[in-house]
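Here are my notes on this model.

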Amino acid sequence: MSLLLQLSAQVLEKKGVGFGLLDSKRNAKVAKKLGCTEEESLYVFKEDNVIEFDGELAADVLVDFLLDLIEDPVEIINDKAELKALDRLEEETRVIGFFKDETSEYYKAFEEAAENFHPYIKFFATFDKSVAKSLTLKINEVDFYEPFMNEPVTVPDKPYTEDELVDFIRRHRR
């Protein structure tokens with residue numbers, strides 16, 4: 001495991017990503033406080049979130065995961081050309097919403113919900129009416145796409161709070 005972390009650290013050092021090892025037996029109080037419950041597990045700490053890495057223990061997989069994690073939890077779709085890229089994500093669970101702008105309270109709730117699933121589920125948002133029309137989204141509406149499903153499920157009862165979005169996604173994700 002230490003070679004994996006050394007290789008990953010070398011690649012990610014320029015991005016400001018650091019690594020540390022925690023001996024949960026010697027530092028049981030620290031491990032408990034951080035929420036590290038499993039031996040030999042990799043945990044990623046980003047702001048107030050603790051994310052357990054459950055991918056293959058290979059440097060390239062870990063680096064890709066961490067690079068995805070550094071990205072913003074919501075990708076903004078500004079035009080129809082960017083919208084076409086969504087079609088290539090048919091194998092992934094994704095969530096797409098239409099909001100007035102980045103200062104909207106409903107977009108902020110959407111962004112907070114995205115942080116709960118980042119980077120495992122891709123979240124997209126648009127503020128462009130023509131993009132929203134192509135997606136058949138109304139203002140403050142969110143669609144949930146499952147892998148290989150052409151038609152999304154629209155989250156009911158808009159507008160939503162962060163908790164409502166998180167609950168819906170947890171109940172419907174497979």
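1. Start with the contact between H1 and H3 in this predicted model. From H1, the residues involved are Leu 4, Leu 5, Leu 7, Ser 8, Val 11 and Leu 12. They meet Ala 59, Leu 62, Val 63, Leu 66 and Leu 67 of H3. By class, this contact has 10 nonpolar residues and one polar residue. It has no charged residues.

2. Next, the geometry of the pair. Two packed helices are described by the angle and the distance between their axes. H1 spans residues 2-12, and H3 spans residues 59-70. Their axes come within 9 Å. They cross at roughly 45 degrees. H1 is therefore oblique to H3. As for handedness, the crossing of H1 and H3 is right-handed.

3. Now the charged pair. How many salt bridges does the structure hold? The count is one. Its partners are Arg 171 and Asp 167. The closest N and O atoms of Arg 171 and Asp 167 are 3.0 Å apart, and the cut-off for a salt bridge is 4 Å.

4. Where do Arg 171 and Asp 167 lie? Both are in helix H7, residues 162-172. They sit four residues apart, about one turn of the helix.

5. Last, exposure of the two partners. Arg 171 has a relative accessible area of 55%. The cut-off for exposed is over 50%, so Arg 171 counts as exposed. Asp 167 has a relative accessible area of 39%. Buried would require under 20%, so Asp 167 is partly exposed.

Technical notes
Residues are numbered from 1 along each chain as its sequence is written. This is a predicted model: local features need pLDDT of at least 70, side-chain atom pairs count only at pLDDT 80 or more; totals for chains, interfaces and linings use all residues. Side-chain values use heavy atoms; hydrogens and water are left out. Axes are lines fitted to C-alpha atoms, for helices over the stretch in contact, and angles run from 0 to 180 degrees between N-to-C directions. Helices (H or I, at least four residues) and strands (E, at least two) are DSSP runs, numbered from the N terminus. Angles under 35 degrees count as roughly parallel, over 145 as roughly antiparallel, 65 to 115 as roughly perpendicular and the rest as oblique. A crossing is left-handed if the near helix is turned anticlockwise from the far one by less than a right angle, and right-handed if clockwise. Contact means heavy atoms within 4.5 Å. Ala, Val, Leu, Ile, Met, Phe, Trp, Tyr, Cys and Pro count as nonpolar, Asp, Glu, Lys and Arg as charged, and the others, Gly among them, as polar. A salt bridge is a side-chain nitrogen of Lys or Arg within 4 Å of a carboxyl oxygen of Asp or Glu. Buried means under 20% relative accessible area, exposed over 50%, partly exposed in between (1.4 Å probe, protein chains only).
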